[in-house]
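Please keep the sequence and the model in view while reading.

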Amino acid sequence: MNREELIKENMPLVKSIARKFFIPGKGFEYQDLVNSGVIGLIDAINKFDAEKGAKFSSYSYIKIKSAILDEIRNQSPISKHNLTKVNKYNRVVEKLQSKLLREPTSYEIAKELKVSEKELHDIESNIDMLNIVSLNYVIFEDTNETVQDVISDREEEAPENIIEEEEKLEILSKAISNLNEREKLILSLYYYEDLNLKEIGKVLGVSESRVSQLHRKSIRNLRNKIKELKYSI
């Protein structure tokens, strides 16, 4: 298969990854992310070495994702001043959660922070930028694998690796079953139903920024559950 055919065959993967990271109105266009993803795909095609034992699908996924994240980082510098505002926002949200025993509304957060609606929107935009580049958290630290890596198609996997991959998938499934219902829902919608942050926000009735924070917390808890299961095996 030549380069043009490989690019055409893998364009659905490029678009799928770009869609995951695209949030309307956040300073970058969907097509820009797709274009960056194509650059990553071409880089993968040029550098892939089948003799090293890696799957092209796994190798290209990493290259495409890295190229898209580089594009986002290049367009989204965040100052220390804005980072301070983000940290204060996070503390206020946690405080209101404990007080209200539910997710606070944007109005309640703005009132507690003593900021305008526009200022709150600016803070949440910065949160989006910070969180969007870290949505693919490593859950198996020894192999540097993410949730997506573990649940991805393994048809090209070498026979000697299949048992190990099946064991990881079993550990992942058990760990997810030990999470609370909201965390299970977020991970299911993001990784299995392929919904983006905005779509998950509509399901949960919260903002995209809040979904991203909840996702990060879910992954942190998932990693802890995985560690517990691995040590108990």
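Just after α9, Asp 194 adopts a positive phi of about 65°; helices here are DSSP runs of H or I with at least four residues, and strands are runs of E with at least two, numbered from the N terminus. This is a predicted model, in which local features need pLDDT of at least 70 and side-chain atom pairs count only at pLDDT 80 or more, while totals for chains, interfaces and linings use all residues. Residues are numbered from 1 along each chain as its sequence is written, and side-chain values use heavy atoms, with hydrogens and water left out. Asp 194 lies in the loop between α9 (181-192) and α10 (197-204), and Asp 194 is partly exposed, with a relative accessible area of 31% (buried means under 20% relative accessible area, exposed over 50%, and partly exposed in between, with a 1.4 Å probe and protein chains only).

The twelve residues of α9 should span 16 Å at 1.5 Å a residue, and the end C-alpha atoms are 15 Å apart, which agrees; the expected span is 1.5 Å times one less than the number of residues. The buried residues of α9 are Glu 183, Ile 186, Leu 187, Leu 189, Tyr 190 and Tyr 191.

Most residues other than glycine have a negative phi. Leu 101, also a residue other than glycine, has a positive phi near 60°. Leu 101 is placed in the loop between α4 (80-100) and α5 (106-113), and with a relative accessible area of 75% it is exposed.

## Helix α3

Helix α3 (residues 56-75) contains 20 residues and reaches 29 Å from its first C-alpha to its last, close to the 28 Å expected at 1.5 Å a residue. Its buried residues include Phe 56, Tyr 61, Lys 65 and Ile 72.

## Aromatic pairs

The structure holds four aromatic pairs, where rings of Phe, Tyr and Trp (its six-membered ring) pair if their centres lie within 6.5 Å, and planes under 30 degrees apart count as stacked, over 60 as edge-to-face and the rest as tilted. In one of them, the ring centres of Phe 48 and Tyr 59 are 5.8 Å apart and the planes stand at 45°, so the pair is tilted. This pair links distant parts of the chain, eleven residues apart, with Phe 48 in the loop between α2 (30-47) and α3 and Tyr 59 in helix α3. Phe 48 counts as partly exposed at 26% relative accessibility, and Tyr 59 counts as partly exposed at 23%.

Another pair joins Tyr 190 and Tyr 191, whose ring centres are 4.8 Å apart with planes at 85°, so the pair is edge-to-face. Tyr 190 is buried at a relative accessible area of 2%, and Tyr 191 counts as buried at 8%. Ring pairs also link Phe 48, Phe 56 and Tyr 59 into a cluster.

## The chain as a whole

The chain has eleven helices and two strands, which follow the pattern α-α-α-α-α-α-β-β-α-α-α-α-α along the sequence. Buried residues make up 42% of its 233 residues.

Among contacts (heavy atoms within 4.5 Å) between residues at least 6 apart in sequence, 65% join residues at least 24 apart. The chain exposes about 13,300 Å², of which carbon and sulfur atoms supply 51%; accessible areas come from the Shrake-Rupley method with a 1.4 Å probe.
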